[in-house]
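Biologist: I would like to go through the labels attached to this model and hear what each one rests on.

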Amino acid sequence: MDPEIAALAGTAGTTVVTLMVTNAWESARDGMVALWRRFQPARAESVGEELEAGREELLLARRAGDDEAEAGLTAEWQGRVRRLLLARPDVADELRALLDELAPPDARHVHLQARASGSARIYQAGRDQHITER
């Protein structure tokens, strides 16, 4: 399998499940359903229902302290997205755009690069960083 497809499916599945318990849930659900509606219209309604069922499952699991449920749900959605990408590779660009829309504003477009030589130190962060050296 193409590593790029696997990585994109992994990111998408993780993102969708992570957003199931946030204020961005409706946007995530609607975006995923719209994606399926565009590329596999016959599955769009069932995808919406499966997303809602997954959210309910995750909320119950969190209340019960079941940490494994989230991992299972994430793997399940990674697989669904991977199958969609394999069947319709043209989905990739729209999926990337959706993931960019769903990302928090401070998580977008962070690119860190550093080079060190000798005994130099490099400290990088995509956000706040506090360093105490003694």
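Biologist: Why is Arg-80 called buried?

Modeller: The model is a predicted one, and the label comes from a computed area. Arg-80 has a relative accessibility of 15%. Buried means under 20%, so Arg-80 counts as buried.

Biologist: What makes Arg-80 and Glu-50 a salt bridge?

Modeller: The closest N and O atoms of the two are 3.0 Å apart. The cut-off is within 4 Å, between a side-chain nitrogen of Lys or Arg and a carboxyl oxygen of Asp or Glu. The pair therefore qualifies as a salt bridge. Arg-80 sits in helix 4 (residues 68-87) and Glu-50 in helix 3, so the bridge ties together parts that are 30 residues apart in sequence.

Biologist: Is Glu-50 buried or exposed, or in between?

Modeller: In between. The relative accessible area of Glu-50 is 24%. Buried would need under 20% and exposed over 50%, so Glu-50 is called partly exposed.

Biologist: What makes Asp-93 exposed, while Arg-96 is called partly exposed?

Modeller: Asp-93 has 58% relative accessibility, and over 50% is exposed. Arg-96 has a relative accessible area of 28%, which falls between the two cut-offs. Their side chains meet in a salt bridge at 3.1 Å, N to O. Both residues belong to helix 5 (residues 92-102), three residues apart, or about one turn of the helix.

Biologist: Why is the pair of Trp-36 and Trp-77 called edge-to-face?

Modeller: Two values decide it. The ring centres are 6.3 Å apart, and pairing requires centres within 6.5 Å. The planes make an angle of 85 degrees, and over 60 counts as edge-to-face. A search of the whole structure finds one aromatic pair. Trp-36 lies in helix 2 (residues 25-39) and Trp-77 in helix 4, so the pair ties together parts 41 residues apart in sequence.

Biologist: How do you know that Trp-36 and Trp-77 are buried?

Modeller: Trp-36 has 1% relative accessibility. For Trp-77 the relative accessible area is 1%. Buried means under 20%, so the label applies to Trp-36 and to Trp-77.

Biologist: What makes Val-17 buried?

Modeller: Its relative accessibility is 0%, against a limit of under 20%. Val-17 is placed in helix 1 (residues 3-19). From Val-17 to Gly-54 the C-alpha distance is 8.1 Å, although they are 37 residues apart in sequence.

Biologist: Why is Asp-30 called partly exposed?

Modeller: Asp-30 has a relative accessible area of 43%, and exposed would need over 50%. Asp-30 belongs to helix 2.

Biologist: Which residues gather in the patch of negative charge?

Modeller: The surface patch consists of Glu-57, Asp-66, Asp-67 and Glu-68.

Notes:
Residues are numbered from 1 along each chain as its sequence is written. This is a predicted model: local features need pLDDT of at least 70, side-chain atom pairs count only at pLDDT 80 or more; totals for chains, interfaces and linings use all residues. Side-chain values use heavy atoms; hydrogens and water are left out. Patches are made of residues with over 30% relative accessible area and no salt bridge: like charges are joined within 9 Å, nonpolar side chains (Val, Leu, Ile, Met, Phe, Trp, Tyr) within 5 Å. Accessible areas come from the Shrake-Rupley method with a 1.4 Å probe; for residues, only the protein chains shown count as cover. Lys and Arg count as positive and Asp and Glu as negative; His and the chain ends are not counted. The place of a charge is taken as NZ of Lys, CZ of Arg, CG of Asp or CD of Glu. Helices (H or I, at least four residues) and strands (E, at least two) are DSSP runs, numbered from the N terminus. Buried means under 20% relative accessible area, exposed over 50%, partly exposed in between (1.4 Å probe, protein chains only). Rings of Phe, Tyr and Trp (its six-membered ring) pair if their centres lie within 6.5 Å; planes under 30 degrees apart count as stacked, over 60 as edge-to-face and the rest as tilted.
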